[in-house]
Amino acid sequence: MKKIEIKKLVRPNVHSLNAYSAKEIPCKIKLDANESPYSAFSVQRLAFSVKKIFQTLNRYPDPEAKVLKGIIAKNINLKPENILLGNGSDELIYYLIATFGGPVLYPVPTFSIYGIISQALGEKGIAIKLDKEFDLNTDKILTAIKKLRPKLIFLSSPNNPTGNCFSSDKILKIIEVSRSIVVVDEAYQPFSSERGFLPLLRDYKNLVIMRTLSKIGLAGLRVGFLIADAGIIKEVNKVRLPFNINLLSQAIAAEALKNKRMMGRYISTIVSERERLFDELSEIKSIKPYPTEANFILFKVKNSDKACQKLLRRGVLVRNMKGVVNGCLRVTVGTKNENNSFLKALKEVIK
Ligand SMILES: *Cc1c(COP(=O)(O)O)cnc(C)c1O
């Protein structure tokens, strides 16, 4: 047989890339991926809404996802022309970089996907360290904007994995100075006490806001959306794959979003559990939790590798942030019982 060296066929930027690792680790209590502990869909709705859908599985879904887009637009008082849906916001990050190109600037530590997709598409990533408070280092960012002229800037606020919101003044300054696109990734906005950047959309043509249903109880559906000026949406829409939101996701997301009260209740439960969990963690001597506006808490622990392993042996899976924020673990806020089990296990582990 002919010998073919696959490695030599792969583009160098892809060959040197590590695949995003999202391993499924068996555990009793899963607090590693910032998911909601509550499925934001009431199964009673299945009977009258989704049954119909199964009869049309032979057809492609609506390529524009009009119904779902209409509901989302109405919820935020904007027009469908201001919205682009993605198969998760991950896909939208891909589309943004495919549309505008690089360099792509982002602070670190932050959501790793910005860097991974930049590299996958052969674009240069510019990573700028956050300051000691995990806030934006505006001096460094403004200098990089001037010198390197990034085409895209990604700011996750609240930031993953640190949990804090960046100062709005600093974000505003960056939007004002940048002559290209600034994406404020508001994946965790529903858990935050700050108002977010939606109200500023009208004032800044280069502002793009990214949201997702993943952290509010519908991660399995893979639905994220961009909110921006119609001119931006029109361009990004050109690189979108025609049927990127599947039939079931369109139907279930539309149905779930009608039940705003239930979603709101779940979110406030998570926020109050987060406050309790933060207080309890603060009480533990050798633990330092960092202030958070998201549905997770980053905390420092003496021996993070060991603590992580020992927690897993007790059935509790959290995320080890080794190599991202050294010495830190990230725990997702779960149900009251899950959080209690986590606290109990953690206290045993660090003894
Ligand atoms: C989880 C997360 C996302 C990914 O959302 P999906 O819609 O599930 O792809 C985007 N941005 C940040 C900062 C996240 O933490």
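**Close-up views of a predicted model**

**View 1. What helix α4 packs against.** The buried residues of α4 sit against β2 (83–86), β8 (224–227) and α10 (247–258). This is a predicted model, so read every panel here with that in mind. Helix α4 itself covers residues 66–75, and its buried residues are Leu68, Lys69, Ile71, Ile72 and Ala73.

View 2. Follow the chain on from α4 and you meet Asn77, with a positive phi near 60°. You'll find Asn77 in the loop that links α4 to β2. Is Asn77 buried or exposed? Asn77 is exposed, at a relative accessible area of 66%.

**View 3. Helix α5 against helix α6.** Here the axes of α5 (residues 89–100) and α6 (residues 113–120) come within 10 Å of each other and cross at roughly 45°. That angle makes α5 oblique to α6. As for handedness, the crossing of α5 past α6 is right-handed. On the α5 side, the contact is made by Asp90, Ile93, Tyr94 and Ile97; α6 brings Ile113, Tyr114, Ile117 and Ser118. Sort the residues of this contact by type and you get 6 nonpolar, 1 polar and 1 charged.

View 4. Gly102 and Pro103 are joined by a cis peptide bond, with omega about 0°. Pro103 belongs to the loop between α5 and β3 (104–108). What kind of peptide bond joins Val108 and Pro109? That one is cis as well, and its omega is about 0°. Pro109 is in the loop that runs between β3 and α6.

**View 5. Arg149, with a positive phi.** Which loop holds Arg149? Look between α7 (138–148) and β5 (152–156). Arg149 has a positive phi of about 45°, although it is not a glycine. Arg149 is also exposed, with a relative accessible area of 55%.

Key:
Residues numbered from 1 in each chain as written. Predicted model: local features only at pLDDT ≥ 70, side-chain atom pairs only at ≥ 80, totals over all residues. Heavy atoms only, no water. Axes fitted to C-alpha atoms, helices over the stretch in contact; angles between N-to-C directions. Helix = DSSP H or I, 4+ residues; strand = E, 2+ residues; numbered from the N terminus. Parallel < 35°, antiparallel > 145°, perpendicular 65-115°, else oblique. Left-handed = near helix turned anticlockwise from the far one by under 90°. Contact = heavy atoms within 4.5 Å. Nonpolar A, V, L, I, M, F, W, Y, C, P; charged D, E, K, R; others polar. Buried < 20%, exposed > 50% of the residue type's maximum accessible area, 1.4 Å probe, protein only.
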